[in-house]
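Subject: Structure handover, with notes on cavities, a pocket and helix packing

Dear colleague,

I am passing on the structure we talked about, with my notes below it. Please read them with the model open beside you.

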Amino acid sequence: MNETPSTNMTAAQPPYPGAATGWFIVIMLTIAYIFSFVDRYILGLLIEPIKAEFDLSDRSIGWLLSAFTLIYGFVGIFMGWLIDRGKRVWIVSVGVALWSLATIATGTAKNFVQLFAARMGVGVGEATLSPAAFSIIGDSFPTERRGKPIAFYSAALPLGAGIASLVSGAIIAWTAASGNQTLPLFGELSPWRFTMIIVGLPGIILALAFLFIKEPARRPVAASSDVIGGSGFRDAMKYIWDNKLLYFGFLSIIGTMTAIAYSQGFLAPTFERTWDWSPQKFAFAYGLAMLVIGPVNMLAMGAISDRWTKKGVRDASLRLLFIGFFILIPTAALPFFMPNGELAFAILCLNIVGIGMVTTIGVTALLVITPAQIRGQIVALYYLAISWFGSLGPIAVGELSSGLFGEDNLHYALASVPILFALVPLLMMPLTRRLYLAQMEKLGEATA
């Protein structure tokens, strides 16, 4: 089960890249992922000025926050098919350029429809990245060494969110003191528009860099031919259908995490309305917390996953996924019942740990039960499912705030999301684990 590449190689399988080459690719993909999360998370920190300028309700903001996720997963289906066949680093290059231009377009939008369309454009671009990245990483490292690079890549989530918070907080504070800013070609810009454009521009340069990166050779795996017949979309869909209860239980866990994480786009206005924290104060505190807690937590999870796997813990990644889920749920709801913002934020820091664990281990656990020849498409379908499920989070917050609790009680709407979404995965956990172990046994080394 834990053979090294040198003893497990056949004529049909190309060697893995050297460690330095593999890690260089991972680092570049991680930089791109950081850029993607800056572009993705920046909107949540600018809700109040956008809401004021366009006279929007929380309901409208909920849909705006979901515009990204509604298209992200859908486009990912096509991207998964393309990634299993095309040159992956070039696909990443086009995606980075597209989401960067869409972020810039967000800053130039004249109405809600243009805002919504621009955010959908960000989703289209970012849909290329993770399916390509996990496919590339899967071809760069053997199974027993895959946890750390996946965790390293996944650590871009808190890094991106943290950088987004700090950068936007600094720009908002600066522009609040200096007033509107002027940029060539764009003219005079309000603070939130200036922030969007400044955040989007560097991605164009990064997109060009990926045109010159050599990707690893694909690794066909004949051992899984008794489990799946080919690498087409029908093969991927048939594989999922044959294991539908396993995938439903598994994805409900990750989907609950994304619903909670995406709903937290409302955190900055919640802290402002509930505890009178300015956007700058929240952005600075949240950015530091993400930068300090997130990467360490995610890298630790990758190392623990690898260590447990080497020691013979067959479902190591699934166990860590469950642990992360049980940290995630209570710490997502409790902060909004605290008497002050400082205590609420302290509990929210624990929530960062739970979200990071589920995010990091989710794909590691998925690859264990996924044949290599449909990996890109399965990862794309995975992101479709969790993105669409996750998009319900901010929509639910907006509907509950505007329609039930009242917009002055936004914190109650935000606290309701983990309570509403956690029930199904909790009930499914025993069956999910049983089916997961059975599928591991069936695939054996087919996912290596």
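The second largest cavity in this predicted model has a volume of about 200 Å³. Its lining is made up of 21 residues, and those that lie nearest its centre are Tyr33, Leu157, Met257, Thr359 and Tyr383. Two or more residues of this lining come from each of α1, α6, α12, α16 (341-368) and α17, and the largest share, 5 residues, is supplied by α12. Sorted by class, the lining of the second largest cavity holds 16 nonpolar, 4 polar and 1 charged residues.

The structure holds 3 cavities of 30 Å³ or more, and the largest cavity has a volume of about 280 Å³. Around the largest cavity there are 20 lining residues, with Arg40, Tyr41, Gly44, Tyr262 and Gly265 lying nearest its centre. The helices α1 (19-41), α3 (58-83), α8 (156-178), α12, α13 (267-275) and α14 each contribute at least two residues to the lining of the largest cavity, and α3 gives the most, with 4 residues. The lining of the largest cavity divides into 13 nonpolar, 5 polar and 2 charged residues.

I also looked at the second largest pocket, for which the computed volume is about 400 Å³. It is lined by 19 residues, and the closest to its centre are Tyr247, Phe248, Leu251, Ser252 and Ala385. At least two residues of the lining of this pocket come from each of α12 (244-263), α17 (375-405), α18 (410-421) and α19 (423-443), while α17 provides the largest share, 8 residues. The lining of the second largest pocket contains 16 nonpolar, 2 polar and 1 charged residues.

The remaining notes concern helix packing. Two packed helices are described by the angle between their axes and the distance between the axes, and I give both for two pairs.

On the α7 side the contact is made by Gly147, Lys148, Ala151, Phe152 and Ser154, and on the α14 side by Met298, Leu299, Gly302, Ala303 and Asp306. The residues of this contact comprise 5 nonpolar, 3 polar and 2 charged.

The second pair is helix α4 (residues 88-106) with helix α6 (residues 129-138), whose axes come within 9 Å and cross at roughly 155°. By that angle, α4 and α6 are therefore roughly antiparallel to each other, and α4 passes α6 in a left-handed crossing. Their contact is made by Arg88, Val89, Val92 and Trp99 of α4, together with Leu129, Ala132, Ser135 and Ile136 of α6. Of the residues in the contact of α4 with α6, 6 are nonpolar, 1 is polar and 1 is charged.

Helix α12 supplies residues to the lining of the largest cavity, to that of the second largest cavity and to that of the second largest pocket.

With best wishes

Terms used:
Residues are numbered from 1 along each chain as its sequence is written. This is a predicted model: local features need pLDDT of at least 70, side-chain atom pairs count only at pLDDT 80 or more; totals for chains, interfaces and linings use all residues. Side-chain values use heavy atoms; hydrogens and water are left out. Contact means heavy atoms within 4.5 Å. Ala, Val, Leu, Ile, Met, Phe, Trp, Tyr, Cys and Pro count as nonpolar, Asp, Glu, Lys and Arg as charged, and the others, Gly among them, as polar. On a 1 Å grid over the protein atoms alone, a cavity is a set of points where a 1.4 Å probe fits but cannot get out, and a pocket is an open set with protein on both sides within 12 Å along at least five of seven lines; lining residues have an atom within 4 Å of a point. Grid points are joined across faces, edges and corners, and a volume is the space filled by probe spheres set on the points. Axes are lines fitted to C-alpha atoms, for helices over the stretch in contact, and angles run from 0 to 180 degrees between N-to-C directions. Angles under 35 degrees count as roughly parallel, over 145 as roughly antiparallel, 65 to 115 as roughly perpendicular and the rest as oblique. A crossing is left-handed if the near helix is turned anticlockwise from the far one by less than a right angle, and right-handed if clockwise.
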